[in-house]
Amino acid sequence: MTFSTTVERWGVHEIELAGPSGGNPFADVRLSARYQYRNRVVEAEGFYDGDGVYRVRFMPDAVGPWRFTTVSNVEELDGCSGGFEAGPPGPGNHGPVRAAGTGFEYADGTPYLPFGTTAYHWTHDMDEERERRTLRTLASSPFNKLRMCVLPTGPMTPPEVPFAGEDPGGLDVTRYNPVFFRHLEARVRDLRDIGVEADVILFHPYDGGVRGFQDMGREADHAFVRHVVARLSAYRNVWWSAANEYDFNRAKTVTDWDDILRTIVRHDPYEHLRSIHNGTRMFEVASLYDFTKPWITHQSIQHWDATPTDAWLAACPKPVVIDEISYEGNIGKRWGNVTAQELVDRFWEGVTRGGYVGHGESLAGFQDRAWIGNGGALYGESPARIAFLRTVMEQRGDGTLLRYLGRRQPAQVTVDLPAGGAYEVELIDTWNMTVTPVDGVHRDRVRVGLPRRPYLALRMTRVGDR
């Protein structure tokens, strides 16, 4: 048995054990470890990692001494014990993100504003150069969350799939591909190290109808969920998305998705964020997944319009993340050819209504495959403007008000200010990324003359009492 003896708070402690490799260890062997800190016990599930190697990963949430004992139905894996010291978190380590009312914060209380993007299969090609380029792009971008899939799309073949087998049409969904998962884990760690949350999508309906991943059967679905959760949940930057466009999967009912989400809850001892993402035919509030269910932590929504954000928050007081609001691009699909101005407009509309909005780029002609599928580099005009918006939101104090004017072009606008306060007012050009002060200190009401152009906002900052 090998294990680490010192780990930072919200880092990863790992136990490695040697055990049986015969039969089907993925299905036949049960392994977990009970970690104890003072009088509290947390149980983390283990997994088979191939070649007779078993692992348990654990994320300590408290500084100090921890003890552990393994539990297994296999004698040589059962009753192994040890301990380690959890030290203070290192720089940039604020712990996992939690929902806090209709917003988010890290476990240490630091505010977190999600500015997400999407690169569904950036890890599947196992193209190290492209993946390193993707990471460099993310590190210099405004994006601090990345939506990414575990399951492949229809054309992908081994080793780009998480299951064992060489024949694309004859994979064994009861056995997993350790090479695939080790690669995936490495990329999740890379995202963690640059401060990016990994929004891990467990299921999707894009296997082309030939793989059967949409309908592996309840037992195989749940075993797959347990395996992924055992491997990834100890990483603090993981979120769970039960599915992308779940309603396009005709093999599963809402009850099936409820069961999958409850399975995540049972097997993830760290209570990472959990949601499920709808398809584009579900445009009405009444048609969305019922996000009020207790196993959902936030609302993950696909919708082309951010203006219903108020209604979504009123119907369910959990954070609203419009993870897909159309992509800046030039492809033929209607969801993949909005202009940068339109995408930035939707960002401002959603954020100033109290929600969060996700980015995507589907620009053809710049690299062999667009960012939304495989990562690489970003070529659009929206990321710089989204970075500007992120800066505006991060600078926003408790006494700051934002009013977004969008595509409207009035000659002037009047804003009623909260009683009892004095405010400085600034005019923000969201596209040109400029901030222009409005003369004076204002009370009760301010009337601002405007240039005749769209995509403007007003920022009112409280500077004192009347």
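A residue is called buried when its relative accessible area is under 20%, exposed when over 50%, and partly exposed in between, with a 1.4 Å probe and protein chains only. The model is a predicted one, in which local features need pLDDT of at least 70 and side-chain atom pairs count only at pLDDT 80 or more, while totals for chains, interfaces and linings use all residues. Residues are numbered from 1 along each chain as its sequence is written, and side-chain values use heavy atoms, with hydrogens and water left out.

**Exercise 1. Classify the cysteines C80 and C149 by burial, and state how many disulfides a search of the whole structure finds.**

Step 1. C80 has a relative accessibility of 17%, so it counts as buried. Step 2. C149 has a relative accessible area of 1% and is therefore buried. Step 3. With a disulfide taken as a pair of cysteine sulfur atoms within 2.5 Å, the search of the whole structure returns zero disulfides.

**Exercise 2. Describe the largest pocket by its volume, its lining residues and the elements that contribute to the lining.**

Step 1. A pocket is defined on a 1 Å grid over the protein atoms alone, as an open set of points where a 1.4 Å probe fits, with protein on both sides within 12 Å along at least five of seven lines; lining residues have an atom within 4 Å of a point. Grid points are joined across faces, edges and corners, and a volume is the space filled by probe spheres set on the points. Step 2. The largest pocket holds about 590 Å³ of space. Its lining has 23 residues, and those closest to the centre are P111, Y112, L113, Y356 and M393. Step 3. Two or more lining residues come from each of β10 (103–106), β11 (111–112) and α9 (382–395), where helices (H or I, at least four residues) and strands (E, at least two) are DSSP runs numbered from the N terminus. The largest share, four residues, is that of β10.

**Exercise 3. Locate the second largest pocket relative to domain 1 and domain 2.**

Step 1. This pocket has a volume of about 420 Å³, and among its 21 lining residues F26, A27, R30, A223 and R226 lie nearest the centre. Step 2. The elements giving two or more residues to this lining are α1 (25–28), β5 (40–48), β15 (172–176) and α4 (218–232), and α4 gives the most, with six residues. Step 3. Because domain 1 (2–87) and domain 2 (97–395) both give residues to its lining, the second largest pocket lies between them; the domain bounds come from an automatic or database domain assignment.

**Exercise 4. Examine the backbone at P159, E245 and M433.**

Step 1. P158 and P159 are joined by a cis peptide bond with omega of about 10°, and P159 is found in the loop between β13 (145–149) and β14 (163–164). Step 2. E245, a residue other than glycine, has a positive phi near 50°; this residue lies in the loop between β17 (238–243) and α5 (254–267), and at 9% relative accessibility E245 counts as buried. Step 3. M433, likewise not a glycine, has a positive phi of about 60° and sits in the loop between β26 (421–429) and β27 (434–442). With a relative accessible area of 31%, M433 is partly exposed.
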